[in-house]
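Hi,

Here is the structure I promised to pass on.

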Amino acid sequence: LRQGRADALRGQSRKARPAFRRRGGRGRQGRVLPVAPMAGPKEQPLPPDVMGRDDAVEVLRAFVVDGGLSIAFQRAFEEPDMWGLMLVDIARHAARAYSRESEYTEDEALARIVEMFEAEIARPTD
């Protein structure tokens, strides 16, 4: 996987380059995406606890584009199991959001997220 130039945007050395890829729907091939120097059109605000912190590191940025997922990430953790912890935390936040903003309960939303995660692990669509 070819790596991008987000390190320059973040003012980091080229040693800390993140990987870039675009993930489409079923049957669409992943590919490398260039990094634009400007923020996305509907960018999320920074969490309050990272404001002004020099030790905060952004590890994941994700956008929905043409029905597919476009992501930028950097490894950031020494051990890969930390990504599992982060993905579970994200899933729980998403489930809470669905319980507040839709007809799903938190448990129902989390079950659907886990179901899709397991299906995607078993049969990747990209």
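Gln74 sits in the loop that links strand E3 (68-73) to helix H2 (81-101); helices (H or I, at least four residues) and strands (E, at least two) are DSSP runs, numbered from the N terminus. Gln74 counts as buried because its relative accessibility is 8%, where buried means under 20% relative accessible area, exposed over 50%, and partly exposed in between (1.4 Å probe, protein chains only). A polar atom of the Gln74 side chain lies 3.2 Å from the backbone oxygen of Glu58.

A word on the source: this is a predicted model, in which local features need pLDDT of at least 70 and side-chain atom pairs count only at pLDDT 80 or more, while totals for chains, interfaces and linings use all residues. Residues are numbered from 1 along each chain as its sequence is written, and side-chain values use heavy atoms, with hydrogens and water left out.

As for the whole chain, there are 3 helices and 3 strands, in the order α-β-β-β-α-α from the N terminus. Of the 126 residues in the chain, 19% are buried. Among contacts (heavy atoms within 4.5 Å) with a separation of 6 or more, 38% join residues 24 or more positions apart.

Now to helix H3, where Ile121 lies. Ile121 counts as exposed because its relative accessibility is 59%.

Best wishes

Notes. Polar contact = N/O pair within 3.5 Å; in protein donor to acceptor, adjacent residues only side chain to side chain.
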